[in-house]
Amino acid sequence: MVRTLPQLIDGLDQRVWRLPHVIMIMGKGGVGKTTVGLRLAIELARLGRRVLLASLDPAGHLLEYLGLPGPLREVEAAPGIRAIQYEVDGLARKVAEEYSLLLRRLMPGLQALGVEDVVETVREAPGFEEEVFLRILSSLYERRDVDVVIVDMPPTGIALRVVALPRLHLFWVERLRELREKIVSIKYAIANALGRHAEADDPVLRRLEELRSRYQGLLGEIEDPLRTSVVAVATPEPLPVYEVSVIAKKLQEHRVALKMIVANRVLGERAQQLGLEEMERQALTRLEEIRCSLRPSPSLAVIAHMSRPPSSLRDAEALGDYILKIKHGCKRE
Ligand SMILES: Nc1ncnc2c1ncn2[C@@H]1O[C@H](COP(=O)(O)OP(=O)(O)OP(=O)(O)O)[C@@H](O)[C@H]1O
Ligand SMILES: [Mg+2]
């Protein structure tokens with residue numbers, strides 16, 4: 001009897017997805033995020049999906065894996081698979097310039113305060129990098145020429161803050177809108193009392209309304225499990241597993257669906273020879289605990305340690321033989 005090997009995509013509910021669907025891959029550095037992203041891209045392309053692999057991780061190695069030239073150019077890496085490495089520093093400079101122009105116009109006094117290099121000041125502002133990532137993410141949700149976007153996310157801390165940002169922005173935009181509404185109504189009342197013409201249309205209020213609907217839209221997409229899936233990857237070691245527990249907790253708080261946990265580079269029987277059996281067993285038990293503490297429970301994919309570290313699209317194809325199992329549901333469910 002021919003045994004059909006499991007596929008990573010079996011761990012995701014792709015049949016019910018709304019397109020374009022965004023898969024965010026998170027996990028500690030070096031655990032196999034890029035490899036898992038490539039493997040998912042291959043499997044989805046085989047199913048006839050048009051895939052875009054987008055790396056937001058500056059040290060993500062996507063280009064090396066695909067043997068591609070420099071960043072920021074989207075290329076067809078294989079039939080049905082497009083790929084792009086974002087160059088966040090360059091984009092950050094552009095966004096900082098936009099903001100600093102706006103600030104200079106609104107607050108000419110900045111120069112007098114000695115804040116001459118407004119671009120640099122904006123770039124150093126807390127949360128600025130996250131804002132740039134959010135802009136990229138938002139543009140990826142708008143893609144209509146692909147079915148699935150697989151995002152190789154930046155390091156966990158930043159990735160989680162990016163996901164949290166639309167709600168935070170929405171909170172502030174709402175408060176600003178309330179304030180502006182008060183100001184506009186007072187201006188209107190004063191103008192009326194003085195018998196002057198008052199402009200009912202307020203450009204600031206209009207801009208705030210625009211921002212509100214943009215962030216509401218994005219939040220709706222990130223929180224919609226049919227539009228967004230997060231895949232968390234770990235190797236069976238304490239720190240990568242701990243990072244998955246942080247990802248699971250934070251995503252639950254932000255109401256974003258963690259759909260699959262991938263245990264990668266699992267040694268299995270070979271762990272015993274290396275004296276790593278106990279560590280591996282504990283790590284896998286912990287991943288199972290994390291998975292089963294969530295409702296709905298994400299699936300678990302187990303990938304064995306390959307004898308040769310994968311470093312190309314072809315290696316990601318060969319990885320198919322190393323996918324040991326996909327577990328769905330939990331006993332307690
Ligand atoms: N199943 C596997 N067996 C053996 N080696 C693997 C396996 N999966 C990944 N690797 C190797 O582990 C290293 C890290 O993998 P990868 O680049 O996919 O991880 P990453 O999480 O994207 O890393 P980074 O944070 O540096 O971007 C690479 O050298 C890769 O070849
Ligand atoms: Mg990577």
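## The shell around the ligand

A residue belongs near a molecule if one of its heavy atoms lies within 4 Å of it. Keep that cut-off in mind for this predicted model, where 22 residues surround ligand 1. The closest of them are Thr34, Thr35, Arg265, Met306 and Pro310.

Where does the shell around ligand 1 get its largest share? That share comes from H1, with three residues. Sort the shell by class and you get nine nonpolar, nine polar and four charged residues.

## Polar contacts with the ligand

Let's look at some atom pairs. Glycine 32 brings a polar backbone atom to 2.9 Å from an oxygen atom of ligand 1. With methionine 306 it's again a polar backbone atom, this time 2.8 Å from a nitrogen atom of the ligand. Asparagine 264 uses its side chain instead: a polar atom there lies 2.9 Å from a nitrogen atom of ligand 1.

And how much of ligand 1 does the protein bury? Taken alone, the ligand exposes 630 Å², and the protein buries 85% of that.

## H9 alongside H11

Now for the helices. Helix H9 runs over residues 238-253 and helix H11 over residues 277-292; their axes sit 10 Å apart, at an angle of about 5°. Angles under 35 degrees count as roughly parallel, so H9 is roughly parallel to H11.

On the H9 side, the residues that meet H11 are Pro238, Val241, Val244, Ser245 and Ala248. Their partners in H11 are Met279, Ala283, Arg286, Leu287 and Ile290. By class, this contact has eight nonpolar residues, one polar and one charged.

## H6 across two helices

Helix H6 (residues 128-141) packs against helix H8 (residues 203-222) at an angle of about 75°, with 11 Å between the axes. The contact divides into six nonpolar residues, one polar and two charged.

H6 also meets helix H7, which spans residues 156-193; their axes come within 9 Å and cross at roughly 80°. That makes H6 roughly perpendicular to H7 as well. From H6, the residues involved are Glu129, Glu130, Glu131, Phe133, Leu134 and Leu137. H7 answers with Ile158, Arg161, Val162, Leu165, Pro166 and His169. Seven nonpolar, one polar and four charged residues make up the contact of H6 with H7.

## Backbone details to look for

Most residues other than glycine have a negative phi, and most peptide bonds are trans. Proline 20 sits in the segment before strand S1 (21-27).

Another cis peptide bond joins arginine 295 and proline 296, where omega is about -10°. You'll find proline 296 in the loop between H11 and S8.

Arginine 255 isn't a glycine, yet its phi is positive, at about 60°. Look for arginine 255 in the loop between H9 and S7.

Definitions and conventions: Residues are numbered from 1 along each chain as its sequence is written. Chains are lettered from A and ligands numbered from 1 in the order in which they are written. This is a predicted model: local features need pLDDT of at least 70, side-chain atom pairs count only at pLDDT 80 or more; totals for chains, interfaces and linings use all residues. Side-chain values use heavy atoms; hydrogens and water are left out. A polar contact is a pair of N or O atoms within 3.5 Å; within protein, one must be able to donate a hydrogen and the other to accept it, and residues adjacent in sequence count only if both atoms are side-chain atoms. Accessible areas come from the Shrake-Rupley method with a 1.4 Å probe; for residues, only the protein chains shown count as cover. Helices (H or I, at least four residues) and strands (E, at least two) are DSSP runs, numbered from the N terminus. Ala, Val, Leu, Ile, Met, Phe, Trp, Tyr, Cys and Pro count as nonpolar, Asp, Glu, Lys and Arg as charged, and the others, Gly among them, as polar. Axes are lines fitted to C-alpha atoms, for helices over the stretch in contact, and angles run from 0 to 180 degrees between N-to-C directions. Angles under 35 degrees count as roughly parallel, over 145 as roughly antiparallel, 65 to 115 as roughly perpendicular and the rest as oblique. Contact means heavy atoms within 4.5 Å.
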